[in-house]
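Take a look at the chain below.

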Amino acid sequence: MDKTIEQTFEELEEIMEKLEDPDTSLEDSFGYYEAGMKLVKACGEKIDKVEKQMIVLQEGEGANGDG
């Protein structure tokens, strides 16, 4: 099952905390950074999908609402 945008943001927040932890090794930081960037990309794709759906709905309302 796909994660919600909210779940993705929660994961990103956890990663940010780990990156800010002074005890996190440089090697671990690179891994967290990579995981975070994948989450950012996935979240961006989900937001784009929702925006496109909203545009389609708005266009549909505009075409049907005038007649």
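Lys-3 and Glu-11 join their side chains in a salt bridge, with N and O 2.6 Å apart. The model is a predicted one. Side chains of opposite charge can pair when their charged atoms come close. The Lys-3 and Glu-11 side chains also make a polar contact of 2.6 Å.

Where does Lys-3 sit? Lys-3 belongs to the segment before α1. Leaving out residues up to four places away in sequence, Lys-3 touches Thr-8, Glu-11, Leu-39 and Lys-46. Val-56 is another matter: 53 residues along the chain from Lys-3, its C-alpha atom is 23 Å from that of Lys-3.

How many salt bridges are there by the rule used here? The count is two. The second one links Glu-34 with Lys-38, and their closest N and O atoms are 3.7 Å apart. That distance passes, because the cut-off for a salt bridge is 4 Å. Glu-34 and Lys-38 are both in helix α2. They are four residues apart, which is about one turn of the helix.

| Residue | Relative accessible area | Class |
|---|---|---|
| Lys-3 | 38% | partly exposed |
| Glu-11 | 28% | partly exposed |
| Glu-34 | 47% | partly exposed |
| Lys-38 | 55% | exposed |

The classes follow from two cut-offs: buried is under 20%, exposed is over 50%, and partly exposed is in between. Lys-38 counts as exposed because its value of 55% is over 50%.

**The loop**

Now to Thr-24. Thr-24 lies in the loop between α1, residues 5-20, and α2, residues 26-65. Which residues does Thr-24 contact, beyond its neighbours within four places in sequence? They are Lys-18, Ser-29 and Tyr-32. With Lys-18 there is a further detail: a polar atom of the Thr-24 side chain lies 2.6 Å from the backbone oxygen of Lys-18.

**The whole chain**

What secondary structure does the protein chain have? It comes to two helices and zero strands. The C-alpha atoms fill a box of roughly 65 × 20 × 15 Å along the principal axes. The radius of gyration of the chain is 18 Å, whereas a compact globule of 67 residues would have one near 11 Å.

How much of the chain is buried? Buried residues make up 12% of the 67. The protein chain exposes about 5800 Å². Carbon and sulfur atoms supply 55% of that area.

**A nonpolar patch**

Which residues form a nonpolar patch on the surface? They are Met-16, Leu-19, Tyr-33, Met-37 and Val-40. Together they have about 470 Å² of accessible area. Both helices take part: α1 and α2 each supply at least two residues. The most comes from α2, with three residues.

Take Leu-19 as one member. Leu-19 is in helix α1. Its relative accessibility is 32%, so Leu-19 counts as partly exposed.

Definitions and conventions. Residues numbered from 1 in each chain as written. Predicted model: local features only at pLDDT ≥ 70, side-chain atom pairs only at ≥ 80, totals over all residues. Heavy atoms only, no water. Polar contact = N/O pair within 3.5 Å; in protein donor to acceptor, adjacent residues only side chain to side chain. Contact = heavy atoms within 4.5 Å. Buried < 20%, exposed > 50% of the residue type's maximum accessible area, 1.4 Å probe, protein only. Rg over C-alpha atoms; globule rule 2.2 N^0.38 Å. Areas by Shrake-Rupley, 256 points an atom, 1.4 Å probe, with all protein chains shown as cover. Patch = residues over 30% accessible without salt bridge, like charges linked within 9 Å, V, L, I, M, F, W, Y side chains within 5 Å.
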